[in-house]
Amino acid sequence: MDRVAEFKNIVAQYTEIPAEKMTNEMRFREDLGFSSLDFMSLLGELEDTFDIELEQEDALQVRTLGEALEMLDRLTEE
């Protein structure tokens, strides 16, 4: 499974929207219905799954799936 599909499958666990219907423009709170707790749980799961370390200040600036994927790409390249 590629990184984007794996990421969307993880996000789908927190929302009723199936991974295959998610677009990069979707916003975590407004479009996917994430609460602050959901978002923090997601960040922890992403760290574990992709073996990365997220800076909380940077992660809290992420609003859309596309922004999250860009951050993930940057962190997994390092």
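Q: At what angle do helix 1 and helix 2 pack?
A: In this predicted model, local features need pLDDT of at least 70 and side-chain atom pairs pLDDT 80 or more, whereas totals for chains, interfaces and linings use all residues. Residues are numbered from 1 along each chain as its sequence is written, and side-chain values use heavy atoms, without hydrogens or water. The axes (lines fitted to C-alpha atoms, for helices over the stretch in contact; angles run from 0 to 180 degrees between N-to-C directions) of helix 1 and helix 2 lie 11 Å apart. The packing angle of helix 1 and helix 2 is about 145°.

Q: Is the crossing of helix 1 and helix 2 left-handed or right-handed?
A: A crossing is left-handed if the near helix is turned anticlockwise from the far one by less than a right angle, and right-handed if clockwise. Helix 1 passes helix 2 in a crossing that is right-handed.

Q: How many charged residues does the contact of helix 1 with helix 2 have?
A: In contact (heavy atoms within 4.5 Å), Arg3, Glu6, Phe7, Ile10 and Val11 of helix 1 meet Leu42, Glu45, Leu46, Thr49 and Phe50 of helix 2. Ala, Val, Leu, Ile, Met, Phe, Trp, Tyr, Cys and Pro count as nonpolar, Asp, Glu, Lys and Arg as charged, and the others, Gly among them, as polar. By class, this contact has 6 nonpolar residues and 1 polar residue, and its charged residues number 3.

Q: Which term describes how helix 1 and helix 4 lie to each other?
A: The axes of helix 1 (residues 3-12) and helix 4 (residues 65-77) come within 11 Å and cross at roughly 125°. Angles under 35 degrees count as roughly parallel, over 145 as roughly antiparallel, 65 to 115 as roughly perpendicular, and the rest as oblique. The crossing is right-handed. Helix 1 and helix 4 are therefore oblique.

Q: How many nonpolar residues does the contact of helix 1 with helix 4 have?
A: Arg3, Val4, Phe7 and Val11 in helix 1 meet Leu65, Ala68, Leu69, Leu72, Asp73 and Thr76 in helix 4. This contact has 2 charged residues and 1 polar residue, and its nonpolar residues number 7.

Q: Which helices do the buried residues of helix 1 pack against?
A: Buried means under 20% relative accessible area, exposed over 50%, and partly exposed in between (1.4 Å probe, protein chains only). Phe7, Lys8, Ile10, Val11 and Ala12 are the buried residues of helix 1. They pack against helix 2 (36-50) and helix 4.

Q: What is the relative accessible area of Val4?
A: Val4 belongs to helix 1, and its C-alpha atom is separated by 9.8 Å from that of Gly66, 62 residues apart along the chain. Val4 is partly exposed, with a relative accessible area of 37%.

Q: Which residues does Leu60 touch, not counting those up to four places away in sequence?
A: Leu60 lies in the loop between helix 3 (56-59) and helix 4 and is partly exposed, at 36% relative accessible area. Across 24 residues of sequence, Leu60 and Ser36 are 9.7 Å apart, C-alpha to C-alpha. With residues up to four places away set aside, Leu60 touches Phe39 and Met40.

Note on methods
Helix = DSSP H or I, 4+ residues; strand = E, 2+ residues; numbered from the N terminus.
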